[in-house]
Each structure stands twice: as structure tokens, then as C-alpha cells.
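The following report concerns a structure with two chains and describes selected features of each. Please consult the sequence and coordinates alongside the text.

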Amino acid sequence: MSKLTVTSLSTDLDLFRAIEAHQMDALRLLYDRYASLIYRLALRSLRFPEEAEDVTQETFLKLWNRPHLYQPDRGSLSNFLVVMARSNALDRLRSRSSHNRFLQRWQSVMLQEGRQTNPLDSVSMEERSNLIRTALAELSEAERTVVEIAYYEGLSRSEIAERLNIPVGTVKSRIRLGLRKLRHALKHSL
Amino acid sequence: MTHSNPHDHPSPDDWQELLEDYVLGYLSADETDAFERQLANNPELAAEVAALQESLSLLPYTLPVQEPSALGQARLLRAAQAQGPISLSLPKDEATPPEASDSPTQRTLPWGWLLGPIAALGLVALSVDNYQLRQQNQETARVQQELEQNRAELEQLRRQMQEMSTVMASLQEPGARVHSLVGAGQASRSNGYLVTVPGETQMVLIARNLPALTEDQVYRLWAVAQEAAPPQYCGQFQQTATGTAEWIAPARGCSADPAQYLITLDAPDDPLDSAGPLMMRSDT
């Protein structure tokens with residue numbers, strides 16, 4: 001099999017195909033592209049740099065060892081990495097085994113079929129950052145706070161209510177409204 | 001969160017809550033299974049779940065830029081090399097054996113019986129050559145990989161040396177004091193050192209496992225001159241990725257060998273007459 005040519009300009013999908021073919025340079029390029037994002041996410045959830053480093057390592061290593069877990073027609077590679085890293089980080093937070101939970105969560109998280117390329121593949125990191133910042137601006141500070149606690153720390157609605165000293169119903173409505181606004185703001189981008 | 005009947009005629013409101021619970025990871029394993037069975041039969045809902053999941057996965061892009069250790073890449077590549085050996089199997093198009101030799105043309109050749117073994121020998125020779133070339137190529141790739149890893153490690157060491165130069169300089173100051181710090185509260189796994197020079201206002205901290213801060217958080221250093229004395233504010237800081245920090249204390253008294261140093265977690269504009277949770281203290 002001829003070696004796939006990959007560079008820092010290759011799409012995520014091209015890098016993934018090369019990783020499937022066990023090309024180490026593709027893994028290096030993907031790490032260069034997403035390690036900071038994964039590390040930031042893990043650090044925000046876990047707070048300890050050493051543990052965040054471990055989550056970052058494990059995320060990329062899992063893709064390398066088990067590339068079949070990612071199916072390009074079910075979503076973007078960056079989403080796959082982020083979902084995997086978040087699951088790992090939250091499972092560490094909850095001191096539970098991550099493997100089965102992740103597999104369950106990922107394998108059918110995106111069931112739509114036939115989408116060969118993901119819009120995010122052609123959007124630069126900076127553009128993605130701008131997209132989400134613009135979308136988050138639609139949320140009130142209170143909505144953003146509960147969504148971020150739920151996302152990064154995995155706290156339940158009642159745990160968030162307890163922490164913020166507000167009724168559970170308020171947390172529920174803020175999460176719902178926050179997610180709805182986020183989804184609506186990104187509707188034409190994803 | 002538990003749902004008594006997650007898939008028995010749910011209302012639109014129930015669906016919405018299930019969807020939220022699913023993407024946020026609130027569902028139990030059984031509830032997840034039940035919801036995924038519903039997703040398999042409901043492409044519209046599945047598409048909505050996918051889109052919401054993609055939206056949420058953009059959230060980390062808004063976090064302050066933090067880089068993992070530069071050694072991380074080399075560590076990953078080493079682990080990948082150890083765990084994911086390069087496949088030696090030939091791809092299908094090269095590995096497929098020639099068509100079985102039962103064509104009429106071959107059968108009519110008088111020395112056909114001889115061609116088979118010769119061709120087989122040729123193929124064996126070619127295969128050996130091919131295999132040796134592959135081995136050499138893999139060896140070359142491995143050496144190149146190791147060189148890249150070594151370069152990355154050297155680069156990281158160089159950066160760490162630069163960062164540590166400040167620390168080294170402060171340690172070389174005549175009369176420099178090194179105060180051992182231990183973690184407390186949320187930072188109970190932390191430890192480190194505070195370097196001060198009596199009469200000087202420069203403070204240098206070297207810490208391990210000190211929780212990383214968000215943009216709206218700082219650590220504050222307090223000096224307790226003697227037992228029961230009120231803590232004196234000695235400046236605030238955020239540590240680097242390697243756990244070091246350098247800042248200027250507001251008063252020379254901060255370095256006058258107090259009975260104890262305390263480090264608290266605060267907001268940058270918190271008033272100075274109170275302190276947030278204790279994170280580290282000097283090991284007296």
C-alpha cells in the first residue's frame with residue numbers, strides 16, 4: 001500500500017485515513033492540531049495538569065489503537081475526540097470505569113447516515129472559536145454558567161442547584177434554554 | 001437522573017429532556033440503551049442529537065489556551081509505536097496470488113511443468129527482496145521517528161531551562177530562603193517551594209499539582225508574621241503550565257521570614273481584607 005501523503009494542511013479525514021493505515025506522522029499532525037483543545041477541556045474538568053495530560057494521551061492513543069471506533073459519516077473527528085476526552089475526564093471525576101460508558105455513548109451518538117464530509121472539517125480552529133463565542137453570546141450569563149458546569153463537571157441538575165443555591169426547576173429551564181439557543185445559533189454552521 | 005418510563009409514549013417535553021440528559025451524560029446505562037434504540041428508529045431525533053453534540057463539542061474552544069507538556073507528543077508517539085505496530089501484511093492488491101494456472105494456454109505448453117517451479121522461485125526471490133526492502137524502510141522510519149522524538153524532548157528541555165532560569169537566579173541570590181509548601185483543601189495533592197530574599201520584594205514559587213486557574217481566578221500569598229497576627233497580603237499570581245510563578249510583593253515585610261506563608265484561591269478583584277479557601281501553606 002502506498003503511503004498517504006499528509007501535511008499540516010491535510011483535512012481531518014485525510015489524517016484519520018492515514019492513522020487507520022498506521023502512519024505515525026498523521027498521529028503527530030493530529031496531535032499538533034487538537035492536543036491543546038483536548039488538554040484545555042480535560043484541565044477545565046479535572047484541574048490537575050498531570051491528569052489532564054493523561055487524558056490527552058489516552059484520547060489520541062485510543063484513536064490510534066482502535067480507529068474503527070470513529071466513523072466519519074457519523075460526525076466530525078474533532079467532535080469524536082472531544083466526546084471521548086470529556087467522557088474520560090468525567091469518568092475520572094466520578095472515579096468510574098470509562099471504557100464501556102464511552103463506547104455506549106459514542107457508538108450511537110450520531111446515527112444519521114450518508115454524510116461523507118463534515119462541515120467542521122473545512123473550518124479553521126480560529127473560525128470554530130469565533131463560531132462558538134458568537135453562539136455563546138446569545139446565552140445569558142446564568143444560562144451559560146449552568147451549561148458549562150453540566151458540560152465540564154458533569155454535575156446533575158440537583159447538584160448544580162445546590163452549588164448555585166437556586167431551585168432545580170431553574171437549573172432545568174436554564175439548561176434547556178441554553179442548549180436551545182446554542183443549537184439555534186449554530187444551526188447553519190453544523 | 002432517572003426516568004420511570006423513558007420510552008413509553010413520551011411527550012415532546014420528555015423527548016427534549018431525554019435528549020438533554022443523553023448529550024450531557026446524565027442517563028444511566030439502561031436509559032442510554034433505551035434512548036439509543038429510539039434513536040435508531042428516529043433519524044430526525046438522531047440528527048438533532050448529533051447536531052447538539054457537535055454544538056457542545058465546540059465549547060472547549062472558548063477556554064483559555066493551555067498547552068500540554070511538549071514532551072507529551074514524544075510520549076504519545078512512543079506509546080503508539082509500542083502499542084500499534086506497523087502492519088507487515090501486504091495490501092490485498094499486492095498480496096492476492098496469481099490466478100490459478102488452469103488456463104488452456106498454460107496447459108498446452110510442453111515445458112509448463114518447469115515454468116511453475118521457476119516462476120515460484122522467482123516470486124519467492126522477489127518476495128524476499130520486497131520483504132527486506134520493507135524491513136529497511138521500516139527501520140529507517142523508526143530511526144527517523146526516534147530522531148523526531150529526541151528533537152521534541154530537547155526542545156522541551158530547552159524551554160524548561162529557560163523557565164527555570166528565573167528560579168535559579170533567585171536561588172543564587174545571597175541570603176535566599178526556600179520555604180517548603182504543602183497543599184491544603186482542594187489542593188491537598190500539591191506541594192512546592194516559595195523562594196524569597198529578605199528585604200526584597202521578588203517572590204518565586206515552584207509548585208507541583210497546584211490546580212490550574214481559570215481567567216477569573218488568582219492565587220494570593222499571605223504572610224503571617226507571628227502566631228495570631230493578621231495575615232499580610234503579599235501579592236497574587238497565576239502559575240505557568242510547568243507550575244512556576246514569579247511576582248513582586250507589595251511590601252518588603254513579605255520576605256521578612258514570617259512565621260507562616262499561606263496561599264488562597266481568590267478572584268483578582270476580591271477585597272484584601274478577606275481571603276478565599278486555603279490552598280497551600282508553608283510547612284513550619
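## Strand β7 of chain B and its partners

Val224(B) stands opposite Gln260(B), a residue of β7(B). The two strands concerned, β4(B) (residues 218-224) and β7(B), are antiparallel and joined by 7 bridges; strands are DSSP runs of E with at least two residues, helices are runs of H or I with at least four residues, and both are numbered from the N terminus. Two strands count as paired if DSSP finds at least two bridges between them. β7(B) also runs antiparallel to β8(B) (residues 278-282), with 3 bridges, and here Thr264(B) faces Leu278(B) of β8(B). Strand β7(B), residues 260-266, is mostly covered, with 5 of its 7 residues buried. A residue is termed buried if 20 or more other C-beta atoms lie within 10 Å of its own, exposed if 12 or fewer do, and partly exposed in between, with C-beta atoms placed from the backbone.

The model is predicted: local features require pLDDT of at least 70 and side-chain atom pairs count only at pLDDT 80 or more, whereas totals for chains, interfaces and linings use all residues. Residues are numbered from 1 along each chain as its sequence is written, and chains are lettered from A and ligands numbered from 1 in the order in which they are written.

## The sheet of chain B

β4(B), β7(B) and β8(B) belong to an open sheet of 8 strands in chain B, ordered β5-β4-β7-β8-β1-β2-β3-β6 with antiparallel pairing. β5 (232-237) and β6 (244-248) of chain B have a single partner strand each and stand at the edges, so one side of each is left without a neighbour in the sheet. On average, and with direction ignored, neighbouring strands of the sheet are turned by 25° against each other. Strands of a sheet pair through backbone hydrogen bonds, in either the parallel or the antiparallel sense.

The pairing of β8(B) with β1(B) is antiparallel over 3 bridges, and Leu181(B) has Ser282(B) of β8(B) as its bridge partner. β1(B) (residues 177-183) is joined in turn to β2(B) (residues 191-196) by 6 antiparallel bridges, with Val182(B) opposite Asn191(B) in β2(B). A further 5 bridges connect β2(B) with the antiparallel strand β3(B) (residues 202-208), where Val195(B) stands opposite Val204(B).

## A loop residue of chain B

Which residue is found in the loop between β1 and β2 of chain B? Ser188(B) lies there. Ser188(B) counts as exposed because it has 12 C-beta neighbours inside 10 Å. Its C-alpha is 9.9 Å from that of Pro211(B), a residue 23 positions away in sequence.

## Chain A and its side towards chain B

Chain A contains 9 helices and 0 strands. Of its 190 residues, 45% are buried. Among contacts in chain A with a separation of 6 or more, 57% involve residues 24 or more positions apart; a contact requires C-beta atoms, placed from the backbone, within 7 Å of each other.

Between the chains, 58 residues of chain A are in contact with 52 residues of chain B. α2(A) makes the greatest contribution to the side of chain A that touches chain B, giving 12 residues. That side of chain A divides into 31 nonpolar, 15 polar and 12 charged residues, where Ala, Val, Leu, Ile, Met, Phe, Trp, Tyr, Cys and Pro count as nonpolar, Asp, Glu, Lys and Arg as charged, and the others, Gly among them, as polar.

## Helix α2(A) against α4(B)

The axes of α2(A) and α4(B) (residues 71-83) come within 10 Å and cross at roughly 145°; axes are lines fitted to C-alpha atoms, for helices over the stretch in contact, and angles run from 0 to 180 degrees between N-to-C directions. Residues of α2(A) that meet α4(B) include Met24(A), Leu27(A) and Tyr31(A), and those of α4(B) include Leu76(B), Leu77(B) and Ala80(B). By class, this contact has 7 nonpolar, 3 polar and 1 charged residues.

## Nonpolar cores

The largest nonpolar core has 71 residues, and Leu27(A) and Ala42(A) are among those with the most contacts inside it. A nonpolar core is a set of buried Ala, Val, Leu, Ile, Met, Phe, Trp, Tyr and Cys residues joined through C-beta atoms within 7 Å. The greatest contribution to this core comes from α2(A), with 15 residues. Leaving aside neighbours within four places in sequence, Ala42(A) is in contact with Ala52(A), Val55(A), Thr56(A), Ala85(A) and Ala89(A). Another core lies apart from the largest one and has 25 residues, including Ala187(B), Ile206(B), Leu221(B) and Ala223(B).

Methods:
Two residues are in contact if their C-beta atoms, placed from the backbone, lie within 7 Å.
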